[in-house]
Amino acid sequence: MTDLPIAIKGIQSWEDAALCMKYGVHPWLSNHGGRQLEGAPSAVDTLLAIHTHCPEVFRRCDVIVDGGISRGSDIVKALALGAKGVGLGRAFLYALALGELGVDKAIRILKNEVETTMALLGVSSIDSLGPSYVSSVQ
């Protein structure tokens, strides 16, 4: 029905990420802010499980992470673990209380945090990031 890419939001397991890959859609890892079900796995836990059980998902799909991202270091961690992008809705919703200036400030803060994290890792390009930069990956 469409040639546009399709993402399935709410993926919380490597098995569902593998199904997304099988059917040609992109997994959007989200536990809906952890509000829907106490004890739901974090998006980072799901990224780690995908690395362990079906790493080919990262080669064949654009994995998006939503939830649990509140700092620039969280963005770098998600990208290092194979995410192509992250969702930051809540951070910008709160910043919007101060209008355009608040959103601009939030963007500058996150940009600075990402750049600082990458500098501390000794990485100058997002393309250089990989799982070895995250200590919980063997």
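Trainee: Is Asn-31 buried or exposed in this predicted model?
Mentor: A residue counts as buried when its relative accessible area is under 20%, and the relative accessible area of Asn-31 is 11%. Because that value falls under the cut-off, Asn-31, in the loop between β2 (26-30) and α2 (43-53), is described as buried.

Trainee: Which residue has its backbone oxygen 3.1 Å from a polar atom of the side chain of Asn-31?
Mentor: If we leave aside the neighbours within four places in sequence, Asn-31 is in contact with Gln-12, Ala-40, Pro-41, Ser-42 and Asp-66. Among these contacts is the residue you ask about, and the backbone oxygen that lies 3.1 Å from a polar atom of the Asn-31 side chain belongs to Pro-41.

Trainee: How are α4 and α6 oriented to each other?
Mentor: Two packed helices are described by the angle between their axes and the distance between the axes. For helix α4 (residues 72-80) and helix α6 (residues 99-121), the angle is about 60 degrees and the axes are 7 Å apart. An angle of 65 to 115 degrees would count as roughly perpendicular, and one under 35 degrees as roughly parallel, so α4 and α6 are oblique to each other.

Trainee: How many nonpolar, polar and charged residues make up the contact of α4 with α6?
Mentor: On the side of α4, the contact is made by Gly-72, Ser-73, Ile-75 and Val-76, while α6 brings Leu-110, Glu-113, Val-114, Thr-117, Met-118 and Leu-121. Sorted by kind, the residues of this contact divide into 6 nonpolar, 3 polar and 1 charged.

Trainee: Which residues does Ala-80 touch, not counting residues up to four places away in sequence?
Mentor: Ala-80 is found in helix α4, and with a relative accessible area of 4% it is buried. The C-alpha atoms of Ala-80 and Asp-127 are separated by 8.8 Å, although the two residues are 47 residues apart along the chain. The residues that Ala-80 touches, with those up to four places away set aside, are Leu-129, Gly-130, Pro-131, Tyr-133 and Val-134.

Trainee: Is Gly-24 buried or exposed?
Mentor: Gly-24 lies in the loop between α1 and β2, and its relative accessible area is 57%. Because a residue counts as exposed when this value is over 50%, Gly-24 is exposed.

Key:
Residues are numbered from 1 along each chain as its sequence is written. This is a predicted model: local features need pLDDT of at least 70, side-chain atom pairs count only at pLDDT 80 or more; totals for chains, interfaces and linings use all residues. Side-chain values use heavy atoms; hydrogens and water are left out. Helices (H or I, at least four residues) and strands (E, at least two) are DSSP runs, numbered from the N terminus. Buried means under 20% relative accessible area, exposed over 50%, partly exposed in between (1.4 Å probe, protein chains only). A polar contact is a pair of N or O atoms within 3.5 Å; within protein, one must be able to donate a hydrogen and the other to accept it, and residues adjacent in sequence count only if both atoms are side-chain atoms. Contact means heavy atoms within 4.5 Å. Axes are lines fitted to C-alpha atoms, for helices over the stretch in contact, and angles run from 0 to 180 degrees between N-to-C directions. Angles under 35 degrees count as roughly parallel, over 145 as roughly antiparallel, 65 to 115 as roughly perpendicular and the rest as oblique. Ala, Val, Leu, Ile, Met, Phe, Trp, Tyr, Cys and Pro count as nonpolar, Asp, Glu, Lys and Arg as charged, and the others, Gly among them, as polar.
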